[in-house]
Amino acid sequence: MDQVDLQAPPIAAEQRPDRQGAEAFTPEALREAVLAKLTYSVGKDPVAASQRDWFLAVAFATRDIVVDRWMHSTRETYADDRKRVYYLSLEFLIGRMLYDSMTNLGIVEPMRAALSQLGVDLAVLRRIEPDAALGNGGLGRLAACFMDSMATLSIAAHGYGIRYDNGLFRQVIRDGWQQEIPEDWLAFGNPWEFARPESNYAIGFGGQVVAVQGAGDKMRHEWRPAETVQAVGYDTPIVGWRGRHVNTLRLWSARAPDPLNLDIFNAGDYIGALADRVRAEAISKVLYPSDATPAGQELRLRQEYFFASASLLDLVRRHLKQHREIRSLGDHVAIQLNDTHPSISIAELMRILVDLNGVDWDEAWAITKAVFSYTNHTLLPEALESWPVPLMERLLPRHMQIIYLINAAHLDGARKNGHTDPGLLSSVSLIDEHAGRRVRMGNLAFIGSHKINGVSALHTDLMRKTVFHDLNTLYPDRIVNKTNGITFRRWLMEANPRLTNILVATIGEKVLDDAEALKGFAAHADDPALHEQLALARRSNKVALGRYVAERLNARLDPDALYDVQVKRIHEYKRQLLNLLETIARYNQIRSNPMRDFAPRVKIFAGKAAASYTQAKLIIKLAIDVARVVNADPTVRGLLKVVFLPNYNVSLAETIIPAADLSEQISTAGMEASGTGNMKMALNGALTIGTLDGANVEIKEQVGDDNIFIFGLTAQEVEARRAKGLDSSDIIAATPLLREALDEIAAGVFSPDDPGRYRGLVDIVTHHDYFMVCADFQAYWDEQIRVDERRRDKASWWRASAINTANMGWFSSDRAIKEYAREIWNAPFKDVH
């Protein structure tokens, strides 16, 4: 959204979009706008319109309002010459946009009234919209929250990513097993995007690098790719709170330069004629294609370079159009790398500066470091990407040369500063010489950025001590902490209007603009009348979730039970298995001790396992097997229910999170970078049970020890235990509840059709308990009993719930983005209050 006439007359003050509040959009005006869109954009008569037709008409009418403000925001950015922020992320999990856009514009109620006049239900239309399949989990959802906050704070920002045709995958459960099928979210178009065929860049792969005589005695290097793929931009406007500012999310779609090889086609090879097109378009087909094969690894690298190169060429074009001088890039541009996926951007910007714009190497390197900053999201080795040197040399030959040169200068600088230890130099090198030569992309992102941030206090501390210890020795001032945040617009106001209304009635409308105003809610935490209101709101949310579960799983949930929720990506370190072992132990105790006073519980699981992650998929199968056995057993007497909800996404999260009583954040300490699901559920009043990991540490500091359930080994204790060995046989022998649960799993109690299905899983937990499932089991069980006890004390429970909501203001993504803007990007922003 930057193709604007800079000479256009300014908008009069009374006509400016930021001066037009929701009061400018009456039900009558919106009704006429929707009818016009239905007729002229959808091509339907109201008499014949389907629900999808009405959805499109409402989306187009809402989009028109957004576009007016988008154009104003773009003109204002050019006129003010504001520093621009570019957020590069392989994922943007933006979810459904209709209700989100209307909420931020303040037109939900007038639009609801307008549609009511037409006999149309806004709630029905909201459910018709597909989730945008542009992400997987926390990484992509964080990027979406950050885009919302950058618009809310009037930061001149662009998001850059890939327009995936089929996303990650749609998860379906067949015979209890996860199956992956393509998402089809674009099958009938996307009403929120604008194709930008003029924003079209040729992205090269392969070929050779030749030395060419330049001016004077200088030699310059010219990359002559063997293959090119066209990157075509699609723009989606992202509107901030109250519609004051709108930014652009530009996503790249891959196209072949020639859609059809006509000579091959006319020779009768109709499939072969499409080969180049299929190869090119594979780049933007799916998120995270399996890298289990060499072809999969190559496709991953092609994806990452494709979107990084297109984004950098685009932002450099924009900069030169406005400022004419490439050397001023560092003064006007900040680029944030969201994890290691876009790290090839470091080498690509050097190529653009040196090869395409004639900037001297040292000056280009200074510019590169000035513009880039890098967010690390994990300490897991597989997430700190590395690529085989032969693959890089074949696919990106010029970039490999540039990486070698960067590495040489980097290591020379370390030696000159007295760092001569061979072990340290090997550790900080961009090339890993062990077990095959590989390019360390995390190291490249680190040395090419002026700031590197972790996403929680614990994670940042562990970064300094572990994965980036040696680089931190060389560059001690680069690592900083920026704890993640969430947008309250979506995760409170949209997802939980009942709680939002209670907050507004209790502490006033200021809470809608200022997350820190939530603190005032704590003064009312002991009010019995408030407890009753909170309980009624929660129960209504549970009833809504129960309707969804009944429709999808044909299962009935008790809205008066405690809803115990673990919804996140399925991974061994997130320890869904620990939760399942406690579930089985609880099941056994309910049956064998009928006089024991267990609080009725509904255990809710949801999340996707990576397509090639066999162990995670087995854990999903176990959850479904346990649910089948528990839910069919009449001796449980309604005290326990287990459900696994398929195809977890943003929209499903918006239904589950407001209904949660207990938030399961039970990762192995030291392995979760931050987590944002913990923030969302605590904001909605759920109490957290968790380890001292990620942002749980900071949540505990905010809400107080009495309002959170903490258990288990610390990160330091985990490392110490691992050093002593991973066999848990002694622990299992000394823990009867755990032993019984594991024995039942291994014996096939939950898999009578295949008794040996889980023996391998039990063997791993018993003899190679890397994720400390057995080590933490007893502490977890004891804490769950404390949860039962707390639940029976209604006043204590609802007081703690209110305290959690009241103290989540600090976890707003607005706060996080202000910190980035002040301390990393040096970019101006406007507060919302």
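The legends below describe close-up views of a predicted model.

**View 1. Salt bridge between Glu227 and Arg279.** The model holds 65 salt bridges, and this view shows the one in which the side chains of Glu227 and Arg279 meet at 3.3 Å, N to O. The two partners come from distant parts of the chain, 52 residues apart. Glu227 belongs to strand S8 (residues 227–239), while Arg279 belongs to helix H8 (residues 275–281). Arg279 has a relative accessible area of 39% and is therefore partly exposed.

**View 2. Salt bridge between Arg792 and Asp597.** The side chains of Arg792 and Asp597 meet at 3.5 Å, N to O. Arg792 is in helix H31 (residues 773–792), and Asp597 is in the loop between helix H22 (576–592) and strand S18 (601–606). These are distant parts of the chain, 195 residues apart. Arg792 counts as partly exposed because its relative accessibility is 39%. Asp597, with a relative accessible area of 49%, is also partly exposed.

View 3. Arg791 lies in helix H31 and Asp661 in the loop between helix H24 (650–656) and strand S20 (662–665), so the bridge ties together parts 130 residues apart in sequence. Both Arg791 and Asp661 are buried.

**View 4. The largest cavity and its lining.** The model has seven cavities of 30 Å³ or more, and the largest cavity has a volume of about 150 Å³. Its lining is made up of 13 residues. Those nearest the centre of the largest cavity are Ile94, Asp100, Ala144, Ile238 and Arg490. Helix H3 (98–105), helix H6 (138–152) and S8 each supply at least two lining residues. H6 gives the largest share, four residues. By class, the lining of the largest cavity has seven nonpolar, two polar and four charged residues.

**View 5. Helix H3 and its surroundings.** Eight of the eight residues of H3 are buried, so H3 is largely enclosed by the rest of the structure. These residues are Leu98, Tyr99, Asp100, Ser101, Met102, Thr103, Asn104 and Leu105. They pack against helix H2 (51–80), helix H4 (108–117), helix H5 (122–128), H6, S8 and helix H19 (488–494). Among the buried residues of H3 is Asp100, which is also one of the residues nearest the centre of the largest cavity. Just after H3, Gly106 has a positive phi of about 80 degrees.

**View 6. Helix H32.** Helix H32 (residues 794–806) has 13 residues, which at 1.5 Å a residue should span 18 Å. The buried residues of H32 are Trp797, Trp798, Ala800, Ser801, Ala802, Ile803, Asn804, Thr805 and Ala806.

**View 7. Positive phi at Ser154 and Arg324.** Most residues other than glycine have a negative phi. Ser154 is not a glycine, yet it has a positive phi of about 55 degrees. Ser154 is found in the loop between H6 and strand S2 (157–162). With a relative accessible area of 7%, Ser154 is buried. Arg324 is likewise not a glycine and has a positive phi of about 70 degrees. Arg324 is found in the loop between helix H9 (294–323) and helix H10 (329–332). Arg324 counts as exposed, with a relative accessibility of 68%.

**View 8. Ile486 and its contacts.** Ile486 sits in the loop between strand S16 (479–481) and H19. Its relative accessible area is 1%, so Ile486 is buried. Leaving aside residues up to four places away in sequence, Ile486 touches Cys145, Trp491, Thr676, Met679, Lys680, Leu683, Phe811, Ser812 and Ser813. Ile486 and Phe811 are 325 residues apart in sequence, but their C-alpha atoms are 6.4 Å apart in space.

Conventions. Residues numbered from 1 in each chain as written. Heavy atoms only, no water. Salt bridge = Lys/Arg side-chain N within 4 Å of Asp/Glu carboxyl O. Buried < 20%, exposed > 50% of the residue type's maximum accessible area, 1.4 Å probe, protein only. 1 Å grid on protein atoms, 1.4 Å probe; cavity = no way out; pocket = protein on both sides within 12 Å on 5 of 7 lines; lining within 4 Å. Points joined across faces, edges and corners; volume = space filled by probe spheres on them. Nonpolar A, V, L, I, M, F, W, Y, C, P; charged D, E, K, R; others polar. Contact = heavy atoms within 4.5 Å. Expected span 1.5 Å × (residues − 1).
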